[in-house]
Amino acid sequence: MKISNYLACPECDLLLQRVFPAVNEKAHCPRCHYLLHRPRIQSITRTFALSLAGLFLLLPANLLPIVSIKILENTHDGTLLSGSVTLFNEGMWAVAVVVFLASIFFPMLSIILSLLISGHLYFHRPNRYLSVWLRTLQHIDEWAMLEVYLLGIIVACVKLASMAELKFGLGLTAFVLLLWVALMLASNFDSVLFWQRIEQLNVHEKK
Amino acid sequence: MKKNNTALAQGLMRCHECGKLAQIRSTAPPICTRCGSHLHARLPHSFQRTLALLLSGFALYIPANLFPIMTVTKLGVGEPHTILGGIVALIHSDMLPIAMLVLVASILVPLLKLLGLSLLLLCVHFRWQVNAKLWTRLYRIIAFVGRWSMLDIFMISILVSLVNLGGVAQVIAGSAATAFAAVVVLTMFAAKSFDPRLIWDVQND
């Protein structure tokens, strides 16, 4: 029995013959229906292009005002960063850190790691940190919560709409674009392929 | 017991990080040859870790719901809101859809996670014979919805930074915000440390 011809389902441990689904086909575990593999068209190229686009959106999305509020002739801008800064200054440092990590740090790190990994794979450059980067990327994935944050913006705006005048800024556009890039990255990402390529590159380098 | 169709029964283990199979006991320190991470047939101490995180989550769920999550000050008059109070206020101001959204994200989802994970742990501990496919689906739902509870925390962080005009109008985050954020983070870690393969391991057929 050759081990590389088999795979195990991560959620029910069923041992399976390796399957090679075509692009846009799905391979499910027959026992627990876990999605084992869904190959995407040009996963590496698209990840590279999308993370490059995300890189340019990071600064405007984080620093430009998302919403401005006007109460009694006082105008106040809210950026992605100002929420955690205000919380921190009010002494709610634990909440501030969680908000900062989930809305700024992890989305940023995941774009940068995607760029590093896909860039190395796209140009066939081996790097001994590739697997560390991909492992980190897989772990922080669920902690980047841009889409939840967008829902938070919507709820906050609905709450404020009755008592104040709201104006949406350029930051919101950048933020929504960044969210779109993050979602596209997630749906184009083919971890099976990425791990295979990393293994090939590393084996090649050792020879 | 016929369960010889699992990787574990065949003396194999799957790398948690990259999915590569390896033979159990084949290398002295079990390290994945592809990605360099430590290998285990099951997530190490999955039951104990999940239980510890879950109990902490239950404990913090109480202050998260009893204490005010934010205080809204208008013209010097402060009005503290609990999570439930905030939802009631939304209903009174005729914003029912948003109220339902907050109800689902801040009350139902954390409860579903705490109770669902408890059920999963009970199932594994008492070796309940269940429809494992259905219970694995329960686990997937718990793992998926967890992050959406952060909605309330994000909303507060936006309100706090926007409504910041001293005595005229100000929103201040309350102590329940810390407890609630901790519940969300703890239950996310709990879901992550639970190994769904344990459900399949305890089934006899």
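Two residues count as in contact if their C-beta atoms, placed from the backbone, lie within 7 Å. I start with that because I need it below.

**Ground rules.** This is a predicted model, where local features need pLDDT of at least 70, side-chain atom pairs count only at pLDDT 80 or more, and totals for chains, interfaces and linings use all residues. Residues are numbered from 1 along each chain as its sequence is written, and chains are lettered from A, ligands numbered from 1, in the order in which they are written.

**Helix pair in chain A.** I looked up H1(A), residues 43-63, and H3(A), residues 93-122; helices here are DSSP runs (H or I, at least four residues), numbered from the N terminus. Their axes come within 8 Å and cross at roughly 145°, with axes fitted to C-alpha atoms over the stretch in contact and angles run from 0 to 180 degrees between N-to-C directions. On the H1(A) side I found Phe48(A), Leu52(A) and Leu55(A) among the residues that meet H3(A), whose own include Ile104(A), Met108(A) and Ile111(A).

**Domains.** Chain A has domain 1 (1-39) and domain 2 (42-206), with C-alpha centres 30 Å apart. Chain B has domain 1 (1-41) and domain 2 (45-201), and there the centres lie 35 Å apart.

**Around Ala177(B).** Which residues does Ala177(B) contact, leaving aside neighbours within four places in sequence? I got Met92(A) and Val95(A) from chain A, plus Ile69(B), Met70(B), Ile153(B) and Ile156(B) from chain B.

Definitions and conventions:
Domain bounds come from an automatic or database domain assignment. Helices (H or I, at least four residues) and strands (E, at least two) are DSSP runs, numbered from the N terminus.
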